[in-house]
Amino acid sequence: MSESIPMNAGHLAQALAAPIARKRSRWHLLRTQGVLVALVLLIIFGATRYDNFLGAYNVLSLLRYNSMFGLIAVGMAFVIMTGGIDLSVGTTAALASVISALLSPRGVVLPLAAGVGAGALIGMINGLIITRLKILPFIVTLCTFLAAHGLALLFAGNQSVSVSWDSGFTEIGQGDFLGFPIPAWMGALAFIAGGLLLNFSAFGRTVLAIGGNEEAARLMGLPVDRVKFLTYLMSGALAGLAGVILASQFGAGQPNEGNGWELFAIAAVVVGGTRLTGGEGSIGSTLSGVLLLGLIFNILNFENGKGVISLSAYWQSVIRGVFLLIVVLLQARLAQKEHEAGG
Amino acid sequence: MTLTLKTPGPRSLPKWAKVPSGALLGLVLLLLFNLCFTDHFLSLQTLNINMTQVSTIVIVAVGMTMVIATGGIDLSVGSLMAISGALAPLIFGARTGLLAIPAIGMIVAIVLPILAASVGGVLNGTLVARFRIQPIVATLILFIAGRGVAQVLTNGNLQTFSHAGFRWLGLGKVLGIPFQVLLMLAIVLVAAWVMRSTLFGRYILATGGNERAARLAGIPVQRVKLAVYVICGALSGLAGLLVIAINSSADANLIGLGIELDAIAAVAVGGTLLTGGRARIVGTLVGALIIQLVRYTLLAHGVPDAAALVVKAGIILVAVYLQKREN
């Protein structure tokens with residue numbers, strides 16, 4: 001992607017993004033790295049309170065399950081950093097899960113490619129409408145959210161689609177590679193690639209420049225529309241991959257799943273300290289955000305297991321919401337301090 | 001200041017009842033199509049079914065129109081509906097003390113859930129107005145937590161009940177017209193009047209049009225924003241009561257699920273600017289009717305509900321695109 005952007009444009013983008021990097025105060029540091037501190041504290045809490053919390057089984061199944069959200073959150077982070085939003089990722093994942101489940105008797109590669117391809121197609125539609133017709137990303141992706149859900153239901157005939165267990169398709173979600181879950185490998189790769197792309201490529205700089213000031217970025221000759229298009233394409237393709245993992249991990253394509261995933265991903269990005277107005281952000285903090293939200297549910301399970309309290313699964317969303325509230329309030333306060341400190 | 005606010009400017013204070021011509025044309029075409037090709041379309045029963053189904057969406061969408069007119073958005077409406085809908089059966093199921101008296105039990109079972117939903121609106125409004133948190137994120141919190149609260153209240157179980165007063169809320173008729181349809185029309189009229197003829201309505205438009213200018217003009221921007229979220233919360237609470245009254249049962253997992261999308265769609269199709277500064281309450285009613293009629297038409301002709309979703313998506317996009325070109 002980065003090769004397609006003219007070199008001088010890349011330098012301009014760098015020059016534009018550089019002041020953002022220089023102006024970091026301690027408030028900024030706290031706002032962006034606070035999530036890491038919270039994550040470490042939560043892990044220490046869990047490790048001291050529960051047996052087997054850091055056991056291989058718990059850690060690996062936590063990673064296996066949350067990799068889907070991780071993939072979606074990486075794509076969402078890029079979109080949000082351009083100042084956009086992608087509400088369609090959840091139902092896009094559901095659509096991809098149905099398509100890959102339908103094709104699962106044909107082996108591994110075809111359903112994988114078809115699922116990711118379907119996601120990429122939805123992402124392309126988002127990107128094209130947003131950049132060509134200049135309609136708000138919020139509305140466009142709301143519409144593809146509806147359309148993808150409708151298509152998923154149509155393809156699936158209103159019920160979940162069982163996958164083939166003989167073709168090796170289930171390995172994508174359930175298998176291990178070098179003792180590590182395959183979905184977690186995919187998630188890790190996405191985060192590493194995303195981090196490199198954001199920090200060391202002209203594409204990443206342009207993403208930040210667009211979010212900082214789209215008009216200025218355009219006037220500087222940066223390929224604003226192409227980069228925005230690519231972020232939605234990326235978000236869609238990653239959502240498609242998450243959908244393939246969903247089908248493979250749970251043995252069924254699920255047309256009604258994925259509702260609310262987009263909000264989970266947005267929450268993870270926000271908890272990670274990225275502002276929804278764009279222009280800044282970090283892939284590492286987004287990873288921390290995903291793990292933090294996943295850990296809350298995990299700890300709830302352990303707490304129930306101890307028998308001290310008995311909280312139903314419904315508490316999960318309440319606790320997540322309260323958590324998001326605290327983070328958002330803290331960030332509002334820190335952003336204000338940062339502003340007062342002149343950075 | 002009051003004087004300048006009451007003098008309508010050329011763009012900022014438009015005619016309250018104006019509906020986008022595209023939306024009206026769409027509604028007329030849909031009606032004509034159904035008159036020609038759908039059996040039994042021109043019957044009181046068909047009218048009642050469609051109007052009843054659309055009324056909860058319209059009630060929520062009226063609140064949403066006001067929020068959007070200030071430049072905000074409220075994703076939590078469905079969850080607030082669930083809280084209110086889950087709370088009511090718990091109250092009239094209690095039958096202790098004063099609640100055992102039917103009239104008092106009924107009033108408390110209506111007032112308390114709506115109050116609870118309004119408290120949700122207070123939280124949304126405070127986050128947006130005082131803490132300056134982006135509306136999407138601020139209302140995302142209750143979108144996630146609100147349904148959880150409703151599920152925790154009922155332990156996720158379906159509550160069925162038989163309560164004459166509540167059944168009337170859902171199924172009762174006045175002069176042959178379903179009560180909730182009358183309620184919906186009354187809310188639309190009051191909201192349209194508020195937007196057209198009250199200072200508060202003008203404040204809403206001014207806040208959404210140019211918040212900085214509104215602040216400098218001495219408009220209590222924070223209080224206006226807080227108020228619209230509280231109104232939106234209260235209307236969602238009312239809609240939640242209507243939904244459970246129709247079914248004589250409350251399922252916290254399902255009440256109001258996905259209604260935020262229908263409401264936003266109705267607002268967008270109705271010609272309210274999604275960036276704020278322009279509100280079309282009657283347009284919202286027309287928008288909701290279009291979305292409802294499309295679904296009805298497709299269903300009546302054997303097209304599955306799933307395909308209706310795709311069509312709905314297309315309609316919203318076209319409506320917003322036309323609205324954009326108009327400006």
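Which residues touch the most other members of the largest nonpolar core? In this predicted model, where local features need pLDDT of at least 70, side-chain atom pairs count only at pLDDT 80 or more, and totals for chains, interfaces and linings use all residues, they are A:Ile72, A:Ala265 and B:Ile316, within a core of 203 residues. Residues are numbered from 1 along each chain as its sequence is written, with chains lettered from A and ligands numbered from 1 in the order in which they are written.

A nonpolar core here is a set of buried Ala, Val, Leu, Ile, Met, Phe, Trp, Tyr and Cys residues joined through C-beta atoms within 7 Å, and buried means that 20 or more other C-beta atoms lie within 10 Å of a residue's own, with C-beta atoms placed from the backbone. Helix H11 (residues 221–247) of chain B gives this core its largest share, 17 residues; helices are DSSP runs of H or I, at least four residues, and strands are runs of E, at least two, numbered from the N terminus. Beyond its neighbours within four places in sequence, A:Ile72 is in contact (C-beta atoms, placed from the backbone, within 7 Å) with residues including A:Val89, A:Leu238, A:Trp261 and A:Ala265.

Turning to the interface, 35 residues of chain B are in contact with 35 residues of chain A. On the chain B side, H6 (135–154), H12 (259–269) and H14 (305–326) each supply at least two residues, and H6(B) brings the largest share, 13 residues.

An unreviewed UniProt entry lists several transmembrane regions in chain A, among them residues 109–129 and 229–252; such annotations may be inferred rather than shown by experiment. Residues 109–129 of chain A are 100% helix, with end C-alpha atoms 30 Å apart.

Definitions and conventions. Two residues are in contact if their C-beta atoms, placed from the backbone, lie within 7 Å. A residue is buried if 20 or more other C-beta atoms lie within 10 Å of its own, exposed if 12 or fewer, and partly exposed in between; C-beta atoms are placed from the backbone.
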